[in-house]
Amino acid sequence: MPDPWGIILGALNSVFNPILALDPNPTNPALTVLIIAFIVSLITTIANKYLVDQDEMNEIQARSKKLTSELREAQKKGDGKKVAELQARQSEMMQDQSKMMTNSFKPMIVTFVPIILIFFWMRSSVISGLVIHLPPSVYWVTLTPFWHFIGGFLYGGKATIPYGIGWLLWYMICTFGMSQILRKFLGFKQGF
């Protein structure tokens, strides 16, 4: 009986090994992780664009902010009648926010399995040994010492490379930047 993980890994190798082969430094493939981060960001951003009604989400958020602002103002003025009226409307708003949250999960349902498979491939490939050397200022701004501490705590290890980060943190930095660019390019009104 064939090994299902072996089959999946073989399929992923056939997709991602050509990208890895294009990397100028295949033993430390930072460019490959950047390309994979772009692909994942593109998939998730497109899924968000087409599976979530952005206009409805923005409208719900605007109504919620307006209601919160009016409620604060009424509380400051001590207008008990207005506060009670706004609190009654707040329960309706909770239903809208619940709907908004449900809609925001749609893209995650679609993208979860492909992203997990890509992580599985990155973890089992040469990418797992990737180390990026950061300038000291970037090292501190990205809170890398904190992440090293958390990683050391969870995995019992200690970061031995000064100003260096591994593939997962590099992937997260790249994905954050790529998704912000793609969201602006695809016309999202909000950054996140």
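Select Ser41 and the residues around it: Ser41 touches Thr175, Met178, Ser179 and Leu182, leaving aside residues up to four places away in sequence; contact means heavy atoms within 4.5 Å. Ser41 lies in helix H2, where helices are DSSP runs (H or I, at least four residues) numbered from the N terminus. Ser41 is buried, at a relative accessible area of 0%; buried means under 20% relative accessible area, with a 1.4 Å probe and protein chains only.

The model is predicted: local features need pLDDT of at least 70 and side-chain atom pairs count only at pLDDT 80 or more, while totals for chains, interfaces and linings use all residues. Residues are numbered from 1 along each chain as its sequence is written, and side-chain values use heavy atoms, without hydrogens and water.

Next, select Ile36, Met122 and Trp170. These have the most contacts inside the largest nonpolar core, which has 22 residues; such a core is a set of buried Ala, Val, Leu, Ile, Met, Phe, Trp, Tyr and Cys residues joined through side-chain atoms within 4.5 Å. Helices H1 (4-22), H2 (30-51), H4 (80-124) and H7 (167-185) each supply at least two of its residues. Centre on Met122: its contacts, not counting residues up to four places away in sequence, are Ile36, Ile127, Ser128, Trp167 and Tyr171.

Then move to Leu67, Leu71, Val83 and Leu86, which are among the six residues of a second, separate core.

Last, show H3 (residues 54-77) with H4. Their axes, lines fitted to C-alpha atoms over the stretch in contact, come within 10 Å and cross at roughly 155°, with angles running from 0 to 180 degrees between N-to-C directions. That makes H3 roughly antiparallel to H4, a label for angles over 145 degrees.

Technical notes
Buried < 20%, exposed > 50% of the residue type's maximum accessible area, 1.4 Å probe, protein only. Parallel < 35°, antiparallel > 145°, perpendicular 65-115°, else oblique.
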